[in-house]
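Here are my notes on the model. Please read them with the structure open.

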Protein chains: 2
Amino acid sequence: MGSIPGVSLFLLGVTLSLLPSPVQGGKILVFPVDGSHWVNMNLLIQSLHAKGHEVTVVRTATSWYVKEEAPHYSSITVTLPEAVCIEEQDFYVAFLVKILEIKKQGASLMAFIKFYWEMIGSLSKIHQQASLLGVEIFENKTLMSKIRDSNFDLVLMDPGLPVGVIVAHKLKLPVVFNIRWITSGEGHFVVAPSPTSYVPTSGNAISDKMTFFERVKNTFHYFLNTCIDKFIVCPPYDRMVEKYLGPDVNFYQLLQGVDLWLMRVDFVFEFPRPTMPNIVYIGGFQCKPAEALPSELEEFVESSGEHGFILMSLGTLVNGLPIEITSEIAAAFAQLPQKVVWRHAGERPNNVGNNTLLVKWMPQNDLLGHPKIKAFVAHGGANGIYESMYHGVPIIGIPLLFDQFENILRMEVRGAAKMVDVTKVTQQNFLKVLQEVLNNPSYRNNMKHLSALHRDRPMHPLDAAVYWIEFVMRHKGAAHLRTESYKMPWYVYHSVDVISFLLVILFMLTACVVAVIRFTWLRMCRRRKPKQE
Amino acid sequence: MGSIPGVSLFLLGVTLSLLPSPVQGGKILVFPVDGSHWVNMNLLIQSLHAKGHEVTVVRTATSWYVKEEAPHYSSITVTLPEAVCIEEQDFYVAFLVKILEIKKQGASLMAFIKFYWEMIGSLSKIHQQASLLGVEIFENKTLMSKIRDSNFDLVLMDPGLPVGVIVAHKLKLPVVFNIRWITSGEGHFVVAPSPTSYVPTSGNAISDKMTFFERVKNTFHYFLNTCIDKFIVCPPYDRMVEKYLGPDVNFYQLLQGVDLWLMRVDFVFEFPRPTMPNIVYIGGFQCKPAEALPSELEEFVESSGEHGFILMSLGTLVNGLPIEITSEIAAAFAQLPQKVVWRHAGERPNNVGNNTLLVKWMPQNDLLGHPKIKAFVAHGGANGIYESMYHGVPIIGIPLLFDQFENILRMEVRGAAKMVDVTKVTQQNFLKVLQEVLNNPSYRNNMKHLSALHRDRPMHPLDAAVYWIEFVMRHKGAAHLRTESYKMPWYVYHSVDVISFLLVILFMLTACVVAVIRFTWLRMCRRRKPKQE
């Protein structure tokens with residue numbers, strides 16, 4: 001066998017040319033999730049398109065971010081019944097307002113129950129709508145045969161919208177996940193064993209060094225997440241699977257049995273935890289060096305002089321905070337010697353300082369990579385954190401929803417961020433936090449250290465993502481990287497039957513030994529008795 | 001922050017230059033294991049030397065394969081007391097003869113006990129000697145200060161000789177393992193959770209698809225291996241650790257807490273199983289394209305015509321089989337139309353066919369990569385299997401010792417090899433196996449498929465090994481990739497305390513509820529009674 005053509009990474013004497021010729025013209029069907037998830041998926045699609053693959057994206061007619069037309073993909077648009085449509089942007093803002101109200105009441109059992117009630121209600125709505133997208137596809141015979149006739153090579157999907165695995169199973173296509181977390185539990189719980197003694201459950205802002213009561217809380221959350229998965233998230237999909245794939249197929253096993261997981265995680269950010277051979281870590285795959293700023297913005301940040309400037313953005317999901325909070329933030333900013341660039345929507349506070357520039361949109365990556373930047377005031381979405389980490393900029397975190405609390409915590413534990421409770425923000429305490437992060441060099445140094453570790457990788461994560469997607473297309477799957485675990489019933493997986501069997505054997509052996517001893521003892525006693533008599 | 005200089009693997013528009021400048025002139029202290037393990041380690045050392053690092057190898061004066069002088073490393077030679085020295089080659093041959101005798105008696109409880117008795121005896125001797133090497137280093141003050149003054153950056157070691165971690169801890173140096181398995185249990189059992197329901201234990205030739213009784217056997221082997229680790233392997237090192245590092249340090253935690261594991265494993269060969277972020281898989285890192293054969297050998301294999309030729313080698317550990325076995329093998333070979341190249345030592349059978357060439361040494365990789373090769377008769381050492389897989393050559397396996405049975409099984413399960421029981425080899429049954437592998441194309445096709453998967457990697461595993469060793473030197477460790485798991489007592493790790501606590505709470509709640517119900521019931525009864533009266 002000759003060597004396979006390709007490039008070699010290092011110039012070692014013994015190095016081989018290993019890269020196989022690229023897959024040309026693969027056909028990929030994409031099931032994305034809207035909002036910030038789409039930002040990630042879109043980037044990956046652009047790269048796949050640039051490598052010569054043909055990408056088709058499935059979207060709803062009312063989609064928020066996923067456009068019907070784009071130069072790098074074609075789309076399949078599914079129109080859902082109006083009654084079930086969620087107006088996503090309004091939906092999340094309304095959700096945030098409710099959550100903030102509950103949080104303001106302080107920590108109590110009632111608040112906890114209210115919080116979960118709201119969360120479960122929202123999750124239920126989101127997955128009802130998502131499953132209906134699947135139903136529309138399966139019921140629309142014309143669409144289904146169009147998809148079948150397209151002869152796709154692969155389904156690439158965000159399992160936040162898991163109907164993709166059901167369609168893929170029907171079409172017998174390999175599946176690759178582009179994933180940050182899955183349904184209500186994090187991806188790892190579905191594939192790799194994750195002891196609750198040091199792996200924090202999703203939705204639980206604790207570190208991997210837990211006290212006894214944190215471990216109790218973590219175990220409790222694990223059960224809670226499992227129940228939410230089982231009773232809230234899965235049922236609509238379970239019904240779909242039974243109807244369209246038959247009673248022998250299990251929805252959860254479809255999720256667990258996909259070929260490859262591209263996890264948007266890097267262990268410089270995430271706490272280290274068990275993993276699986278078919279998980280490829282692509283955390284920070286969107287990161288790239290800064291480009292020049294638009295001249296107006298460049299002038300503004302350059303005018304900050306030696307003090308530099310601060311960036312503030314709360315991401316794509318929620319574009320506005322209540323005015324009573326933004327007023328406090330604006331007042332704190334006004335007292336800084338730094339300049340501030342604030343991505344702001346909604347009502348403008350009337351106390352914005354001269355040093356503060358409010359913008360509707362900004363080139364976030366280019367600002368984060370600017371030499372004059374001093375800190376990033378962020379909501380803690382994973383994308384923003386990776387960009388900030390890539391550029392070595394310390395974070396003041398104002399987490400609002402979902403994984404944002406956990407994300408900021410991970411940076412805080414490493415001394416590269418400071419968290420602010422949005423329900424308790426005042427001009428004074430916010431200013432104090434800003435000053436601490438700006439004036440104590442440890443935050444910046446720690447973030448620079450994380451940046452050095454994060455950048456030191458043999459292959460850029462975006463290249464890795466494309467490589468492994470093409471790998472799955474080349475070999476029509478990646479079954480050899482998938483463990484047997486997900487095919488087993490829980491009692492087999494956890495060896496409950498084996499341990500019970502061994503205990504029964506042990507019990508029987510003990511019983512036999514005891515019986516023999518007793519029998520011998522009784523015989524000895526009987527022999528002695530006549531003598532005594 | 002500017003971009004870091006380096007090379008980019010793919011030519012995507014968005015690709016960044018990520019590779020940091022190479023570490024020049026690192027100083028690496030190596031604790032190798034002799035025999036076939038050294039073949040691997042030596043290759044890695046050559047690459048490290050080629051990248052400009054200074055390597056020092058620790059060896060015993062009586063070392064079998066590790067030479068005192070080499071162009072690519074310097075050495076520290078430790079002379080052990082003559083009484084404890086094992087003459088390794090003779091030692092393993094004697095061990096094999098005993099094991100073969102036991103196996104010939106057939107499967108029985110007595111044979112099992114005898115086998116483990118022999119194995120435990122040998123393991124105990126090997127580790128007694130290995131720990132004495134450590135004692136000699138710690139007791140020799142001149143040597144110890146010479147090592148300390150050398151200012152090493154890293155300890156690279158095969159944990160088969162685990163004194164390296166003890167020396168590294170003393171010198172506060174980061175540690176990288178070059179590992180296939182560790183002590184008596186396989187590496188994974190020490191670091192990643194490995195459910196016995198689908199992860200075969202080391203020393204147990206079963207696949208990842210187990211029947212109930214195979215799972216019972218696997219669980220039993222797991223306990224056996226754990227006991228061997230605890231009571232046979234560790235005690236000499238435990239004593240060393242207590243004497244030289246103090247009572248607060250735990251030897252097993254030193255093993256588990258190393259910075260990085262370079263595992264000589266690829267999941268095309270190994271069954272997929274849970275892994276950890278600080279494990280880098282370098283299976284097949286020694287593989288490379290074939291070079292031209294010496295003219296005499298080339299002439300011989302070319303003369304095989306369309307039938308091609310077969311290769312036979314039993315590796316570096318054992319160079320000879322009993323004559324009654326080799327005679328049967330020679331007779332079977334003589335009946336084939338193929339030519340045979342046989343790496344042979346010891347007594348020459350008198351029935352060697354005209355088609356068979358016996359050689360003392362051969363360029364194995366170049367022969368495996370020759371276009372005329374048809375099959376490889378091998379003992380099943382991991383190195384040979386990876387080379388065979390790399391070149392797509394099906395295997396007839398004659399496993400003799402240690403992991404060789406498991407290795408051949410992994411290829412057999414994938415339809416790329418056929419196993420022969422060495423204690424039952426006859427001319428007839430051996431010929432039958434040879435003919436099946438030669439004439440049924442599925443073996444070759446399956447091996448070609450494995451070869452394609454194995455070669456399809458974004459980076460050559462030898463490059464990956466060097467990259468990650470340099471990574472650990474650049475960042476003085478890789479603590480961010482190491483989980484918290486190994487620092488916990490077993491009952492914390494397995495949440496035994498948390499589960500007990502929750503059960504107690506549940507019990508108390510149930511007791512309260514029962515008490516309230518009982519109290520109410522009694523009161524109701526008491527109220528009713530007077531009425532009835």
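How many salt bridges does the rule find across the interface of chain B and chain A?

1. The rule finds six across that interface. A salt bridge here is a side-chain nitrogen of Lys or Arg within 4 Å of a carboxyl oxygen of Asp or Glu. One joins Lys209(A) to Glu484(B), at 3.5 Å from N to O. In general, side chains of opposite charge can pair when their charged atoms come close.

2. Ground rules. This is a predicted model: local features need pLDDT of at least 70, side-chain atom pairs count only at pLDDT 80 or more, and totals for chains, interfaces and linings use all residues. Residues are numbered from 1 along each chain as its sequence is written, chains are lettered from A and ligands numbered from 1 in the order written, and side-chain values use heavy atoms, without hydrogens and water.

3. Extent of the interface. In chain B, 76 residues are in contact with 76 residues of chain A (contact: heavy atoms within 4.5 Å). The two chains bury about 7200 Å² between them, and 71% of this lies on carbon and sulfur atoms. Buried area is the accessible area (1.4 Å probe) that two parts lose on being put together, summed over both.

4. Polar contacts. Between chain B and chain A, 16 residue pairs are in polar contact, both residues at pLDDT 80 or more. Such a contact is a pair of N or O atoms within 3.5 Å; within protein, one must be able to donate a hydrogen and the other to accept it, and residues adjacent in sequence count only if both atoms are side-chain atoms.

5. Who supplies the chain B side? Helices that each give at least two residues include H7 (212-245), H15 (441-455) and H18 (496-532) of chain B. H16(B) provides the largest share, eight residues. Helices are DSSP runs (H or I, at least four residues), and strands (E) have at least two; both are numbered from the N terminus.

6. Within chain A. Over all chains, the structure holds 28 salt bridges. Lys51(A) pairs with Glu470(A), with the closest N and O atoms 3.9 Å apart. Lys51(A) sits in the loop between helix H1 (36-50) and strand S2 (54-60), whereas Glu470(A) is in helix H16, 419 residues apart.
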